[in-house]
Amino acid sequence: MAAQLRAARRRGHALAALAVAAAGGLLAAATLGSGPAGAAGTPLRDLAEAKGSYFGTAVTQSNLGNSTLTAVAGAQFDMVTPGNEMKWDTTESSASNFNFGPGDQIVSFAKAHSMRVRGHTLVWHSQLPSWVGNLPKTQVQAAMENHITTQTTHYKGQVYSWDVVNEPFNEDGSLRTSPFYNAMGSGYIADALRTARAADPNAKLYLNDYNIEGTNAKSDAMYQLVSSLKSQGVPIDGVGLESHFIVGQVPSTMKANIQRFAALGVDVAITELDDRMQVPASAANLAQQATDYATVISNCLAVSRCVGVSQWGVGDADSWIPGAFSGYGAATMYDNTYQPKASYTSAATALGGAAGSPSPSSSPSSSPSPSTPPSGSGCKVGTQVSAWNTGLTENITVTNTGGSALNGWSVKFTLPGGQSVSSAWNATVSPASGQVTATNLPYNAALPAGGSVSFGFNADHTGNTAAATGFSLNGVACTAG
Ligand code: XIL
């Protein structure tokens with residue numbers, strides 16, 4: 001399925017790609033468990049495209065050297081935002097001395113994986129070289145216009161959108177002071193937008209900010225600004241809601257806020273989604289994160305002018321959060337080893353991915369028959385359940401305590417009555433209830449002697465939220481521990 005999609009995209013048949021993606025929705029139950037890097041089902045990008053949307057991620061130049069990260073990024077996401085490479089301190093570190101090399105590398109990566117690019121960012125008070133702030137006020141406008149024109153001309157035809165002005169507001173809704181505001185007053189924003197439009201008429205032009213996801217003083221100010229720019233005929237195509245959330249704090253007014261911006265006649269994008277928590281992460285917070293991701297994605301899908309969601313970074317290991325918010329982390333859909341978390345599963349489900357457990361026919365042929373356990377096998381198992389009103393997440397770690405390495409594994413266990421598996425990660429799990437079997441995926445078939453493997457599932461329950469019991473590994477009973 002994914003291969004057909006890539007092929008359809010390479011041929012430039014957008015409609016064919018959509019048709020294949022739509023068919024994928026029907027077949028997703030059969031393909032769960034055998035998907036490409038970073039997932040147990042239909043990739044997020046395919047699910048998003050089938051809904052006329054996209055799913056993006058930030059990627060930095062140093063990320064490109066991590067083959068695990070790039071495999072997940074290319075397979076799962078269809079929009080890239082350069083994490084730092086198109087910011088002023090990189091592209092024009094001294095006056096009129098432009099360097100587009102790092103940004104070009106991100107664009108090349110995107111093209112190689114049939115991804116689009118959100119250009120980020122042209123005018124921002126941060127990551128701004130000191131020479132701009134040191135200019136006499138009378139020279140700032142020319143420097144800004146030269147920067148915008150040179151950069152947007154270089155990337156003309158290669159970016160879907162530009163965050164023309166980034167983070168213009170203070171929390172109280174007043175405009176933030178910056179070399180641009182100080183020199184030109186509030187008019188710098190309209191001037192920046194007009195300059196970008198003149199150089200690249202086809203790029204969507206955005207204003208982007210944080211803490212404007214729900215209705216509050218800051219988002220009210222952005223709303224008034226966009227409304228006023230529209231009424232003056234200033235080119236403005238979209239508003240970016242960064243969406244750097246803390247678990248459990250997605251604003252209840254987010255959908256209404258997206259709707260009011262859309263009603264002004266602009267697009268809305270979720271541009272930098274992450275959802276941080278104190279680390280080490282608790283099971284309850286990871287479950288809340290899954291809920292939050294689903295909420296954010298549903299809020300966007302509910303408004304046709306909300307064009308897509310981008311996460312800020314691929315996984316917890318490359319996220320900016322631990323560096324920026326001391327004591328916090330675990331903010332993305334992928335853990336430190338790029339295994340999908342419960343938030344990945346909930347994102348896929350929110351995008352319309354099949355929530356059924358995989359069909360037995362998708363089990364890899366390399367799986368051994370449980371009736372012929374390799375000699376010397378033995379195991380111990382740990383379980384962790386996090387439950388909410390009608391659902392739960394269970395994570396299971398199985399350690400091979402036998403003397404031999406396993407190439408393919410099969411873990412049997414019994415679910416408490418009333419529990420029914422809706423999705424699984426790092427294993428195929430079937431049937432959905434009663435005595436079930438979790439089978440390895442191609443990428444985690446090898447279980448060395450003394451080695452462990454972790455997998456998990458989401459399940460519906462009717463009140464009994466106990467952990468599964470009666471575990472065996474390749475037919476040999478496990479001990480708890
Ligand atoms: C962050 C990058 O991820 C970091 O690597 C860098 O040190 C600081 O900036 N809002 C934005 C992004 O618009 O550009 C920021 O990116 C995160 C907050």
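Asn 458 is buried in this predicted model, with a relative accessible area of 10%.

**Around Asn 458**

Asn 458 belongs to strand β19. Setting aside neighbours within four places in sequence, its contacts include Leu 392 and Thr 393, and also a run from Ser 420 through Val 421 and Ser 422 to Ser 423. Thr 345 and Trp 425 complete the list of contacts for Asn 458. Val 385, 73 residues away from Asn 458 in sequence, has its C-alpha 9.7 Å from that of Asn 458.

**The sheet that holds β19**

Let's step back to the sheet. Nine strands form an open sheet with mixed pairing, in the order β15-β19-β12-β11-β21-β20-β14-β17-β16. Its edge strands, each pairing on one side only, are β15 (420–425) and β16 (428–430). On average, neighbouring strands of this sheet are turned by 30 degrees against each other, direction ignored.

How many bridges join β12 to β19? There are nine, linking residues 391–400 of β12 with residues 452–460 of β19, and the two strands run antiparallel. Within this pairing, Leu 392 stands opposite Ala 459 of β19.

**An arginine without a salt bridge**

Now to a loop. Arg 176 sits between β4 (161–166) and α9 (179–184). Is Arg 176 buried or exposed? Arg 176 is buried, yet it has no salt bridge. What the side chain of Arg 176 does make is a polar contact with the side chain of His 125, at 3.3 Å. Not counting residues up to four places away in sequence, Arg 176 touches His 125, Glu 167, Pro 168, Phe 169, Asn 170, Tyr 181 and Tyr 210.

**An exposed strand residue**

Gln 278 lies in strand β8, which covers residues 267–278. Gln 278 counts as exposed because its relative accessibility is 53%. Beyond the neighbours within four places in sequence, Gln 278 is in contact with Gly 327 and Tyr 328.

**C-alpha pairs side by side**

The table sets out the two C-alpha pairs picked for this report.

| Pair | Separation in sequence | C-alpha distance |
|---|---|---|
| Asn 458 and Val 385 | 73 residues | 9.7 Å |
| Gln 278 and Gly 327 | 49 residues | 5.7 Å |

Key
Residues are numbered from 1 along each chain as its sequence is written. This is a predicted model: local features need pLDDT of at least 70, side-chain atom pairs count only at pLDDT 80 or more; totals for chains, interfaces and linings use all residues. Side-chain values use heavy atoms; hydrogens and water are left out. Two strands pair if DSSP finds at least two bridges between them. Helices (H or I, at least four residues) and strands (E, at least two) are DSSP runs, numbered from the N terminus. Axes are lines fitted to C-alpha atoms, for helices over the stretch in contact, and angles run from 0 to 180 degrees between N-to-C directions. Buried means under 20% relative accessible area, exposed over 50%, partly exposed in between (1.4 Å probe, protein chains only). Lys and Arg count as positive and Asp and Glu as negative; His and the chain ends are not counted. A salt bridge is a side-chain nitrogen of Lys or Arg within 4 Å of a carboxyl oxygen of Asp or Glu. A polar contact is a pair of N or O atoms within 3.5 Å; within protein, one must be able to donate a hydrogen and the other to accept it, and residues adjacent in sequence count only if both atoms are side-chain atoms. Contact means heavy atoms within 4.5 Å.
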